[in-house]
Amino acid sequence: MALPVAEWQARTARLWAALDPALRERLAAGSLHDAVRLGCDLLREEEEEAALVRLCHRTRTEKEPEAASWYREQGNREFKRGRYQAALRLYSKAASHELPGSPEVSVCFANRSAALFHLGHFEVCLEDIARAESHGYPDRLLPKVLLRKAECLLCLERLQEAQDILAMLESKIVLDGVMTAHLTRLKKLSQLKTKLGEKERCPEPAREACGGIQGEPEIWEENTRISGASSSLSLRFDAERGRHLVASQDIVPGQSLVKEEAFVSVLCPGESLPLQDGDTAWDTRATNADLYCHHCLRQLLASVPCQGCSYAKYCSQDCADRAWQQYHRTECSLGALLLTLGVFCHVALRTVLLAGFAEVSRLVAWSHRRDKNLQNPEASYKPLSDAGAGSRGIPGCGSNGRYQSSYQALFHLLPHTEQHSPEHKFLCTLSVVAVCKQLQAAGLEAAVLNQESTQQWSKPKTCEKTSDELSPELKTVAEAMLRHVLQLQCNAQAITVMQELGPGDGAVVDKKLIRLATAFFPVLSLLNHSCCPNTSVSFSGTAATVRASQPISSGQEVLHCYGPHWCRMRVAERQQLLRQYFFECSCWACLEELEPGVKSVVSIRNSFCCPKCQAQMQGEEDTLCCSNEACATSASRDHLSGRLQDLQQQIQKALDLLRVGKADQAIKMLLKCQMDAGTFLSPEHLLMGEMEDHLAQVYATLGKWQEAARHLKKSIEIVEMHHGPSSVETGHELFKLAQILFNGFAVSEALSTIQRAEGILSVHFGPQSAQIQELQEMKACLSELPRNILQRT
């Protein structure tokens, strides 16, 4: 959630409406500095502060031993049922709620190691066993964990280490009957493996290097003027388009143009059920906060919890330590407040923490000097460097004329202060002031100002009532935060990731694109929008890579889609969504669709058809008429839209049946939906393709690969019509088809599909992406089959 919770938005809206009109005018016309000063005065009311405290109490981020016990019990139940992945998540939740140093946290790690062992993650299992031992795992239970450690070492072929542990256990302790028998079996297994030796172990045949894309290194020469950008780009600036990137040479599809680490990123928490007053139950669902590292954004397997709060989780102790030193020692006790006030507010705080107060103060002071010269028409574009020649005259560039992915470049991103609604600025102002007041009340001001270097976690002092007056330094922090919150509306970059749907243990894995985090990328922000872009952006952790998705000629602007794409929505919908960026899109797709009499491709392909003759229904009014003059059938738009909604609900019910293992019933319901859709939807309608895709998924679940492939090919035809044969959407569908053909042993067809999917996905994601690697593994496996089998298939 980018903005604060709805209750805080409603409360600030009421407070805004109750303000004196003269004060509202001052706030609307004032500078960021004036807004913060007035915001500090307006948030003095105890009633407003108390309301925010009540909202924060609905979000639990502190350690709760009762919750830890409950999650551990739930994990034990799932473990006994053999649902090890669910147990793993629950043990992680339990560990995050245990108090640091408590013996119970060692039990959580030990239990989690058992789940990891059953899932085959032996290296990570060993890490959890080490954590359990270092956190004081009880001596009476230690033999069980050490036996598990020996089993892991045996599985990893670390025989000497396994033998040492088994010998130590055998000589040092007296085991009960069950464990003694288990130890004996392990000893025999260890001895047998040792006798076999290296000579008798058959080495895996050396796999030939995959040809094609994997063997071709990406051509990359970094720009001397723009950090993280290719030398094939140049930075330009004009009053109409602002800063933008232009090709300085011809660029081919798939060529990398920008490789940038986020200056700052904050994990989006994901959906969770809000707890009501008096609730004692805890949510067992896994959200983004449970699935991804809060620092590097990599997927979590066995999370390392923060010692101070139950919310922050990391992929390693290294990430936990880095986060603590850079920002989390300040954010830790503010977790509930930051979740209440939204991701934008959180990004703004983390931005100033990473930049450091000295740099923040310097740039805020510079902005004050610039504001005094607003009568000068050049002032709003004059950068810190006063040099006017070349790129040194472009906002955000340093005195050497270089545009770096730095706080200075980020600070120069436009906040559009005059174009945001006064109500929105008021909401943002009160929110950042509330954060700074809490920083002061919790004794964290010194940490924010970089005047202390806390090495270990220590609980900050709490204060029920914040101070009435912010210090001058925290007012500077609040002003910078307000600037960044306003910047984010136009410059926030969503870090996205393909997330598996369901348990992910099937032969064909279905995935969807989710928003993982919100970030500032100063160089990526140089790309202007087009509804028909010539680039594609992909992410790996906190790093973004921009690639050309089509040929770009020298001198042509490099463009990125901010969301509204011409293949996915009509021009009116696109223009409506783009208003948040304070510009009118004039790309060729928008200009073409705005011509009189021109109908968008989306409208044509996603149209209703006549229930009698199946011709296209047309009309802009409430009543649609059949385009076949001989038919002359008419129908209410509302009626047809209602049928479409009912159909979507039926499809969802079919998918719910599939999730609970009722595949046959799901097939019957989907086939019925198909028949119904054919009576009033165009054959090219995207929903028709989605139903084919769902049918392919169900048949794949049943192992009916030929039938699954037949339906998926129909889905691909419709996807290609809507998004194009080289689109990322087509690439994802071809990837699924390759999986189905591979599992169905349709070798020659699988190889040709793999080749086509590789060609498309490598353009959008590069040769090292997970999907490309999986495709190449399938290709290598199929290529190693005997020649006579390849010829038959």
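**Terms and their values**

Mentor: Residues 637-664 are 89% helix and 0% strand, and the end C-alpha atoms of this span lie 34 Å apart. Helices (H or I, at least four residues) and strands (E, at least two) are DSSP runs, numbered from the N terminus. This is a predicted model, in which local features need pLDDT of at least 70 and side-chain atom pairs count only at pLDDT 80 or more, while totals for chains, interfaces and linings use all residues. Residues are numbered from 1 along each chain as its sequence is written, and side-chain values use heavy atoms, with hydrogens and water left out.

Trainee: What is listed by UniProt for residues 637-664?

Mentor: An unreviewed UniProt entry lists them as "coiled-coil region". UniProt positions follow the numbering used here, feature names are shortened, and annotations may be inferred rather than shown by experiment. The unreviewed entry also gives "domain: MYND-type" for residues 293-332. That span is 38% helix and 10% strand, with its end C-alpha atoms 15 Å apart.

Trainee: How many helices and strands does the protein chain have?

Mentor: The protein chain has 31 helices and 15 strands.

Trainee: Why is Glu78 called buried?

Mentor: Buried means under 20% relative accessible area, exposed means over 50%, and partly exposed lies in between (1.4 Å probe, protein chains only). Glu78 has a relative accessible area of 12%, and therefore counts as buried. Of the 793 residues of the protein chain, 51% count as buried.

Trainee: What makes the pairing of Glu78 and Arg83 a salt bridge?

Mentor: A salt bridge is a side-chain nitrogen of Lys or Arg within 4 Å of a carboxyl oxygen of Asp or Glu. The N to O distance for Glu78 and Arg83 is 3.0 Å, so the pair meets the definition. Side chains of opposite charge can pair when their charged atoms come close. The structure holds 30 salt bridges.

Trainee: How do you know that Glu359 and Arg362 are separated by about one helical turn?

Mentor: They are 3 residues apart in helix H16 (residues 357-371), and therefore about one helical turn separates them. Glu359 and Arg362 form a salt bridge, their closest N and O atoms being 2.9 Å apart. Glu359 is partly exposed at 24% relative accessibility, and Arg362 is partly exposed at 39%. Elsewhere, salt bridges that share partners join Arg112, Glu127, Asp128 and Arg131 into one network.

Trainee: Where do Arg322 and Asp318 lie?

Mentor: Both lie in helix H13 (residues 317-331), 4 residues apart, about one turn of the helix.

Trainee: What makes a set of residues a nonpolar core?

Mentor: The members are buried Ala, Val, Leu, Ile, Met, Phe, Trp, Tyr and Cys residues joined through side-chain atoms within 4.5 Å. The largest such core has 120 residues, and those with the most contacts inside it include Trp8, Tyr403 and Met481. Helix H18 (residues 422-441) supplies the largest share of this core, 10 residues. Apart from it lies another core, of 53 residues, among them Phe608 and Ala700.

Trainee: Which residues does Met481 touch?

Mentor: Contact means heavy atoms within 4.5 Å. Not counting residues up to four places away in sequence, Met481 touches Cys345, Ala348, Leu349, Val352, Val432, Val435 and Cys436.
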